[in-house]
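Biologist: I am new to this structure. Please show me how to read it, one feature at a time.

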Amino acid sequence: MGKIKMTAKVAGQQALTEDIFSMWIQADEIAAAAVPGQFISVYTKDAGKVLPRPISLCEVDKEQGRLRIVYRVVGAGTKEFSAYEAGDSIEIMGPLGNGFPLERAAGKRAFLIGGGIGIPPMLELAKQLDCEKTAVLGYRDVLFLDKEMEQYASVYVATEDGSAGTKGNVLDAIRKQGLEADVIYACGPTPMLRALKAYAEEKGMECWLSLEEKMACGIGACLACVCQSKDVDEHSHVHNKRVCKDGPVFLAQEVEL
Amino acid sequence: MINTKVNLAGVELKNPVMTASGTFGSGAEYSEFVDLNRLGAVVTKGVANVPWPGNPTPRIAEVYGGMLNAIGLQNPGIDVFVQRDIPFLKQYDTKIIVNVCGKTTEDYIEVVERLGDEPVDLLEINISCPNVKEGGIAFGQDPKAVEAITREVKRYAKQPVIMKLSPNVTDITVMAKAAEAGGADVLSLINTLTGMKIDINKRAFAIANKTGGMSGPAVKPVALRMVYQVANAVSLPIIGMGGIATAEDALEFIMAGATAVSVGTANFYNPYATVEIAQGIEDYMKKHGVADIRELIGCVK
């Protein structure tokens, strides 16, 4: 089944930290088709805001037909979402993007690396990956989703202020704890992804990165959210892959960060 | 039976609703949401003689009631376009309008000539993109240049020619008259309004290009005023656009003098906007006993 735009219902919402919220959305058609690493476009109810907010899927409950998003309030749009309660309507489009290639980790050891608000998509990935999994989660200070992740993977934490786990970033945690894997799946801020790309090259590991960019259409038509790609892209035959459609997950060597 | 057909330079559209260049690709992505057979025409993303990589990111930013974009006319070039995008659109019962961009007169002519033998119904010449340094807007802000590029394109074009005008001028009717003098068959307006946004936390421009073209509902009153002015200044048919999101918006443009309308930014927040507008126009006509849409074109003087 393809992607659709629908008026869905909020099934429930709670604050995980001061500015990070977890929302379950009843959206049967999208949940039926969604895979880990995909995202949805969420539309505000304010007619003055014309662009959707792309938000990654944190969990997909196919049995109940529900999607979970975990997002940070960064502006007026996400502030509006954070006030939604169970039963409220929410306008969404999805599932969008390609998702993580699960099969690449079959029989191997996988790192699931999330930085900040890049952590949420790692949860559904951890649930669906059937291999030896080590999650390395990087935070500024306050932790979230780390306990839930422990059900599916060995979890190591890094915090910038050293309040939990290794003081520093995710690579500091990997090195200090002597962690090892064969394949990397990661989502987070660009400096983290850039560092992981270099680390993977040095170690000769396969590395899959989920990128972020400002988006308008979310479906590959407007060409706003491109990233620089090593190979000529299929759409424009230049070196610009579309994060929303060709990604958001790319093989690290494929993209210039 | 009501008539929603309109005529642009001899090309009959089943209804006046089309897509605004750059917001709809070549239709493939949106065909998952809307039946392209329901549209009067699909206007493609601008195509040049060779692939263009476009501008650095971020390329867009949201502003109140609209957005800024500086995509920079990223496109695959005419070769890929002819092999891939035209055959895709030919599967549908809708008119094909190809938006043509270039850095030099020769670039435009090369694309126009290549399209001469293709199953394309109209050409829309983009002389108004505010986001590329060479070409585009350089042709669109000086009446002598508008007339000259129009005349050159007309010499080589096999299809009727639409000149797409920029609102970033002192008097758009001067540009409209220049295009008419150069032999344009149809005018389309408006392209985006040059704008800016600053991210105060990063102390930087929100868009890598510094400026971007503003579109969306907030520009509609300006666009409508310009369509009205141009409709009263030239005798060419006009394609009106700028912030159209509903059938009511589209009808305003038609009553101001537009023969057809294009839907742009609205596609981004409502992928069904084009077909909803086509349906809404029909509903209005039935409700108000309008037998022929042509009764509405320019009916507000």
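Biologist: In which sense do strands β8 and β9 of chain A pair, and over how many bridges?

Modeller: Strands of a sheet pair through backbone hydrogen bonds, either parallel or antiparallel. Strands here are DSSP runs of E, at least two residues long, numbered from the N terminus; helices are runs of H or I, at least four residues. Two strands pair if DSSP finds at least two bridges between them. In this case, β8 (residues 109–115) and β9 (residues 132–139) of chain A are parallel, with 7 bridges. A:Arg109 stands opposite A:Glu132 in β9(A).

Modeller: A word on the source: this is a predicted model, where local features need pLDDT of at least 70, side-chain atom pairs count only at pLDDT 80 or more, and totals for chains, interfaces and linings use all residues. Residues are numbered from 1 along each chain as its sequence is written, while chains are lettered from A and ligands numbered from 1 in the order in which they are written.

Biologist: What is the strand order of the open sheet of 7 strands in chain A?

Modeller: The order is β11-β10-β9-β8-β12-β13-β16, and the pairing is mixed.

Biologist: Which strands of chain A does helix α3 lie across?

Modeller: Angles run from 0 to 180 degrees between N-to-C directions; axes are lines fitted to C-alpha atoms, for helices over the stretch in contact. Contact means that C-beta atoms, placed from the backbone, lie within 7 Å. Helix α3 (residues 120–128) of chain A lies across β8, β9, β12 (183–187) and β13 (206–210), at about 160 degrees to β8(A). Helix α6 (residues 190–203) of chain A also packs on the sheet, touching β8, β9, β12 and β13 of chain A. The direction of α6 makes about 170 degrees with that of β13(A).

Biologist: Which strand of chain A is joined to β14 by 3 bridges?

Modeller: That is β15 (residues 240–242) of chain A, antiparallel to β14 (residues 226–229). A:Gln228 faces A:Asn240 in β15(A). β14(A) also pairs with β17 (residues 255–256) of chain A, antiparallel, over 2 bridges. There, A:Ser229 has A:Val255 as its bridge partner.

Biologist: Into which domains is chain A divided?

Modeller: Bounds come from an automatic or database domain assignment. Chain A has domain 1 (4–96), domain 2 (100–210) and domain 3 (211–257). The C-alpha centres of domain 1 and domain 2 of chain A are 24 Å apart. Their contact takes 13 residues from domain 1 and 12 residues from domain 2.

Biologist: How many residues does each chain give to the contact between chain A and chain B?

Modeller: Chain A gives 26 residues and chain B gives 33 residues.

Methods. Contact = placed C-beta atoms within 7 Å.
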